[in-house]
Amino acid sequence: MSSTRLSGVGVSSGRASGPVVRVAEPLGEPPATPAPADPPAEAARIRPAAEVVAERLRQRAAAVSGDAKAVLETTAAMAADPALLGQAEKLVTDESLPAARAVHQAAAGFIAALEAAGGYMAERAGDVRDVRDRLVAELLGVPAPGVPDLTGPSVLVARDLAPADTAGLDPATVLALVTEEGGPTSHTAILARSLGIPAVVACRGVLAAEADALLVDGDTGVVEVSDGTVRAAHVAGKVEWNGVGVLRDGLRVKVLGNVGSPADAVAAAAGGAEGVGLFRTEFCFLSAADEPSVDEQRAAYAAVLAPFAGKPVVVRTLDAGADKPLPFLNPDPEPNPALGVRGLRVAFDRPDVLERQLQAIALAAADSGAEVSVMAPMVATAAEAAWFAERARAAGIARAGVMVEIPAAALAAREILEVVDFVSIGTNDLAQYTFAADRQVGAVAALNDPWQPALLRLIAQVGEAGTAAGKPVGVCGEAAADPLLACVLIGLGVTSLSMNHTALAGVGAKLAATSFDLCQLAARGALAAPDPASAKLAARAVLN
Ligand SMILES: C=C(OP(=O)(O)O)C(=O)O
Ligand SMILES: [Mg+2]
């Protein structure tokens, strides 16, 4: 590491240090040239490479149990599959392809056949891709792509991670996560927070750094070379909060949890959440190849709702697309996925999928006893909001709302509130679309700062519309997790706040120490500020 200190954006609190494990990047399709000088000799490299890959997978299988063991054993068998290997060898000898390219090409035929078969078979296509990539890497003599198996506590370093990869990280072995790219409101950052893994994103230079061990500070965003000693400390002090969201003048503000899994729901309930303000249902199905059946969905949702019997829960319908593609809903690549067919837009083409999901939500609500409302993601107009609310009510769900996360929806909040029961502001996407700044790109992270006065002005418009209509306005983007900003949001007319479980006590305690008058005063100061830093200073001057 040329410099001993790098700096990124701290997105998940805590400090940890330990040995570095790098996540290798996707390999892509290997080149078809140069043709091998000795095709039979080149073809003869394939089986030994496959045996190495299969043996590694068998060793991993031996070290685990249950489902993981079965999956690894099946994958090991697939790596040694004579049909795949035979076809690859034939491509080398008949078409003079290099071995790595031949394996890639042979696997493509198997993947296409599995996908065409659909159902359980289509789910196996992902396993063939995994085996293909391991085999290609072995033949090329490079590390296999993806999150490697960790043999001990490690600091993971990657260019970026897909939400599905992040969701699978084990907090017991991943001490910290550092990515070269990524923004503070990316779903990778959100998942790292929910797993309690200290994380720094947009850390320029970390991929090129040669340090064997790093010390990562998820609060300050500083990443430094360390001596390799494994240490983890979650320094956040314990804040006292009694689990009731109320300002010191008695105004009630519900403090709710953001969840995407049963573990999140348990953590949110234990952290004092009064209910759930955002259940990201797509997080239940990030790796599903096919649409889950109504019964599967019902079981998945009921497991998340269980800790909240008798409490309010807002279930968001699938927000598939952009960085959270679901293979069964977003099969075709788009030039600009964040601006394409994402969220509710998918349901316009596939209303049957929405209908089945609403049916499953209504059943899970009855199973769990939670007071369930539904809301739609990525709504742009009042007509879209009405379209959704009509379907939700037809499915027997009494309360229907929509997310305000597209600037057009903020500007049309008054009309939208005429057709729904509530709105919830998604500040992560509202910032992304207001500033034309991709949530996943570290270079534009400063524009995705929720203290940006332009963003606060849009939120104020929604707050005013909610007050005029007498209907609730929540915030469920990451802005709600900042105690100081939470007070500003209340001053802007927001009536509930939903956040990651780790933020609940800090926000609850801060609200209890302030009054609505002070929140309004702070909000006025922040709205009039010229930039995010001044907005924060103005709020701090009133509230601290
Ligand atoms: C809460 C939001 O939804 P998501 O982060 O899942 O896009 C948001 O956009 O602020
Ligand atoms: Mg969003």
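Mentor: Gladly! Let's begin with a cut-off: a residue is buried if 20 or more other C-beta atoms lie within 10 Å of its own. Keep in mind that this is a predicted model.

Trainee: Why is Asn428 called buried?

Mentor: Asn428 has 23 C-beta neighbours inside 10 Å, and the cut-off is 20 or more, so Asn428 counts as buried. Asn428 sits in helix 16, residues 427-434. Beyond four places in sequence, Asn428 is in contact with Thr185, Arg439, Gly477 and Glu478.

Trainee: Which residues does UniProt place under "binding site"?

Mentor: The unreviewed UniProt entry gives that feature at Arg280, Arg316, Asn428, Asp429 and Arg439.

Trainee: Now the nonpolar core. Which members of the largest one touch the most other members?

Mentor: Val178, Val423, Leu489 and Leu497 do, out of 144 residues in that core. At least three residues of this core come from each of domain 1 (5-21 + 148-233) and domain 3 (254-543). Apart from this core lies another, of 31 residues, including Ala54 and Ala79.

Trainee: And what does Val178 touch?

Mentor: Setting aside residues up to four places away in sequence, Val178 touches Gly8, Val155, Val157, Val200, Cys203, Val206, Leu214, Val216 and Val223.

Methods:
Residues are numbered from 1 along each chain as its sequence is written. Chains are lettered from A and ligands numbered from 1 in the order in which they are written. This is a predicted model: local features need pLDDT of at least 70, side-chain atom pairs count only at pLDDT 80 or more; totals for chains, interfaces and linings use all residues. A nonpolar core is a set of buried Ala, Val, Leu, Ile, Met, Phe, Trp, Tyr and Cys residues joined through C-beta atoms within 7 Å. A residue is buried if 20 or more other C-beta atoms lie within 10 Å of its own, exposed if 12 or fewer, and partly exposed in between; C-beta atoms are placed from the backbone. Domain bounds come from an automatic or database domain assignment. Two residues are in contact if their C-beta atoms, placed from the backbone, lie within 7 Å. UniProt positions are given in the numbering used here, feature names are shortened, and annotations may be inferred rather than shown by experiment. Helices (H or I, at least four residues) and strands (E, at least two) are DSSP runs, numbered from the N terminus.
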